[in-house]
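Here is a short tour of one protein model, written for someone who likes to have the structure open while reading. Please keep the viewer handy.

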Amino acid sequence: MNYIISLIVGALTSIMIFFNGSLSEGYGNTLSTILIHLVGLIAIVLVSFLTRSKLKLKKGLPLYLYSAGLVGIGTVMLTNISYMKLGVSLPLALGLLGQTIFSLLTDHFGLLGMKVVKVNPKKLIGLGIIGIGIFIMALQ
């Protein structure tokens, strides 16, 4: 089931890049980012209300975890910029490559408090294949 959910997330990300990029073309990057996050805020407040979820802040969590919203804003703004020049598929592929590289580094060095999982040759071969695929996608 988790594999199916992950596939759905990938499809939703493609749709999101298209919608966000199109809004950015119409409103500009800053205003579109505000609108995107405002709609997201309204949606999550509605979901929280309907599910009767309560907001409880946990004690002892590292403060940097609360910066995830800033990372999200940066992701939307930078994706919007690249969407205007590259379309949907290439920014998505490059973004996934960036995620893969950072996640491999995070695992290998145990960054952000993660358990150390060393990079092995199979992972590097997979990364190389992804890189070659993106290079071929970028050829015009």
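## About the model

This is a predicted model, in which local features need pLDDT of at least 70 and side-chain atom pairs count only at pLDDT 80 or more, while totals for chains, interfaces and linings use all residues. Residues are numbered from 1 along each chain as its sequence is written, and side-chain values use heavy atoms, with hydrogens and water left out.

## Overall fold

The protein chain has five helices and zero strands; helices (H or I, at least four residues) and strands (E, at least two) are DSSP runs, numbered from the N terminus. Read from the N terminus, the order of elements is α-α-α-α-α. Taken along the principal axes, the C-alpha atoms fill a box of roughly 45 × 40 × 30 Å.

Of the 140 residues, 16% count as buried. Here, buried means under 20% relative accessible area, exposed means over 50%, and partly exposed lies in between (1.4 Å probe, protein chains only). The accessible surface of the chain comes to about 10,800 Å², and carbon and sulfur atoms own 75% of that; such areas come from the Shrake-Rupley method with a 1.4 Å probe, and for residues only the protein chains shown count as cover.

## The nonpolar core

Which residues make up the largest nonpolar core? There are six: L90, A93, L97, L104, L127 and I134. A nonpolar core is a set of buried Ala, Val, Leu, Ile, Met, Phe, Trp, Tyr and Cys residues joined through side-chain atoms within 4.5 Å. Helix 4 and helix 5 each supply at least two residues of this core, and helix 4 gives the most, with four. In soluble globular proteins, nonpolar side chains tend to be buried together.

Leaving aside neighbours within four places in sequence, L90 is in contact (heavy atoms within 4.5 Å) with I134, M137 and A138.

## Residues to look at

T106 sits in helix 4 (residues 89-109) and is buried, at 8% relative accessible area. Beyond its neighbours within four places in sequence, T106 contacts L111 and M114.

Most residues other than glycine have a negative phi. R52 is in the loop between helix 2 (29-50) and helix 3 (68-86), and counts as exposed because its relative accessibility is 70%. L112 is in the loop between helix 4 and helix 5 (121-138), and is exposed too, with a relative accessible area of 56%.
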